[in-house]
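These notebook entries record what I looked up in the structure shown below. I took the helices, the sheet and some local features in turn.

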Amino acid sequence: MEGQTMDNALEPIAATAPFITAKLDRLMEEAGLDVLIATSRHNVQYLLGGYRFFFFDVMEAIGTSRYLPVFVYQKGHPDNSIYIGNGMETFEHELGRIAAPIVKTGSWGTIDAIGLAIDHVRKLGGGTRRIGVEAGFLPADARDHLIAGLDKVELREAHFTLERLRAVKSPAELALIREASERVVDAMLVTFKNCAPGMTKNDVVARLRREEQERDLVFEYCLIAAGKSHNRAPSSQRLAEGDVISIDSGGNYRRYIGDLSRMGILGEPDSELCELLQEIEDIQQAARRVTRPGAMGGDVIASGEAAVRSSPHRAVLDFTAHGIGLVSHEAPRLTATGPVPYSPYDADRPLESGMVISVETALLHPARGYIKLEDTLIVSETGWEAPGDHGREWNATRSNA
């Protein structure tokens with residue numbers, strides 16, 4: 001996808017691919033892979049330059065099985081790539097939207113989809129010994145069928161290989177992340193203005209959903225805390241005058257996530273609340289100061305954690321940072337102690353321009369409630385860029401109008 005516009009990414013291809021094939025070849029060589037079989041919707045989408053079949057965007061189940069998109073790539077031979085899709089994707093193929101040298105749109109479940117992949121791998125010749133798969137996104141029946149259909153082939157995990165391929169975003173991807181971030185925050189600010197005493201947290205989430213949808217976002221989730229409570233699940237809890245409201249939402253714009261958090265209040269913030277939010281802001285800024293190309297990924301974590309240790313509220317502060325893009329936790333991997341467990345591969349590796357990081361600090365105050373900021377940082381040539389960087393103060397609600 002790097003180096004292409006989004007319009008070009010939807011056009012059919014011949015000898016070229018919408019991603020850097022040399023980079024994928026190198027990553028596959030490092031992982032000892034001869035062939036890659038991608039089956040997650042997000043990685044198949046990436047390998048196809050942004051295409052995803054609309055019919056199964058919400059639900060993957062159909063009949064007695066499920067939709068299973070498959071992309072097969074042979075190392076060093078991008079012209080042999082094949083995309084295997086559902087029978088109805090013939091419509092999309094006729095419109096030239098599927099960017100793969102070979103396209104077969106005839107599957108209706110997991111077994112026939114992976115069967116077409118097996119047939120294709122067999123045609124590649126006898127040199128295929130190690131196949132990379134996404135174990136977490138390969139149904140058990142498809143995996144069993146793949147093993148039975150290909151003799152003397154070793155299956156290896158390819159999640160890491162595909163994640164590294166996506167680690168540095170293209171200009172087109174960054175444009176989508178900017179839009180997603182800006183639109184999510186815009187939706188939050190309108191939602192805050194329309195909050196009022198007596199509304200439930202469910203009501204607030206419903207309003208946010210509408211605001212995101214009106215901005216051409218796919219609403220993914222909303223974590224919401226209100227009043228003194230630290231519980232962030234939508235519920236029938238009613239808002240009261242003076243309540244603080246934390247909204248943390250993910251809105252998807254053309255498959256790329258805007259994931260940010262902002263604060264609102266039913267009334268005016270007092271001096272203590274202003275000081276608490278400023279503490280969070282100071283920690284967020286500490287992480288920004290070290291974010292730049294060439295800095296070690298772990299520097300972002302170390303800087304934020306140092307700022308937490310210097311805070312009088314360090315016992316109730318929670319800081320983390322993680323990569324973001326097609327999914328909410330991806331490369332760069334900055335820490336092993338974050339909410340999603342993985343090894344900190346990028347902690348001692350330099351950040352690169354085009355990487356995208358989510359930086360978040362939460363303060364779980366025993367009396368004032370859950371207070372949080374989450375920002376998106378794009379690593380740029382000169383340091384960082386923060387799309388959706390507005391609304392980071394206390395946002396007054398309708399009760400103060």
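In which sense, left-handed or right-handed, does α8 pass α9? I find a right-handed crossing of α8 with α9; a crossing is called right-handed if the near helix is turned clockwise from the far one by less than a right angle, and left-handed if anticlockwise.

I note that this is a predicted model, in which local features need pLDDT of at least 70 and side-chain atom pairs count only at pLDDT 80 or more, while totals for chains, interfaces and linings use all residues. Residues are numbered from 1 along each chain as its sequence is written, and side-chain values use heavy atoms, with hydrogens and water left out.

**Entry 1: the helix pair.** I looked up α8 (residues 171–193) and α9 (residues 201–214), which pack at about 135° with axes 9 Å apart. Axes are lines fitted to C-alpha atoms, for helices over the stretch in contact, and angles run from 0 to 180 degrees between N-to-C directions. Helices (H or I, at least four residues) and strands (E, at least two) are DSSP runs, numbered from the N terminus. The pair is therefore oblique, a class for angles left over once those under 35 degrees (roughly parallel), over 145 (roughly antiparallel) and 65 to 115 (roughly perpendicular) are set aside. On the α8 side I list Val184, Ala187, Met188, Val190 and Thr191, which meet Val204, Arg207, Leu208, Glu211 and Glu212 of α9; contact means heavy atoms within 4.5 Å.

**Entry 2: the sheet.** I read the strand order of an open, six-stranded sheet with mixed pairing as β6-β5-β4-β1-β7-β8; two strands pair if DSSP finds at least two bridges between them. β6 (102–107) and β8 (154–157) each have a single partner strand, so one side of each lacks a neighbour in the sheet. β4 (residues 70–74) pairs with β5 (residues 77–86) in the antiparallel sense over four bridges, and phenylalanine 71 has tyrosine 83 in β5 as its bridge partner. Helix α5 (residues 110–123) lies across β1, β4, β5, β6 and β7, at about 145° to β6.

**Entry 3: local features.** I counted 31 salt bridges in the structure, each a side-chain nitrogen of Lys or Arg within 4 Å of a carboxyl oxygen of Asp or Glu. In one of them, aspartate 248 is joined to arginine 232, with the closest N and O atoms 3.3 Å apart. I also found a cis peptide bond between alanine 331 and proline 332, with omega about 5°. Proline 332 is in the loop between β12 and β13. Aspartate 216, in the loop between α9 and β9, has a positive phi near 65°.
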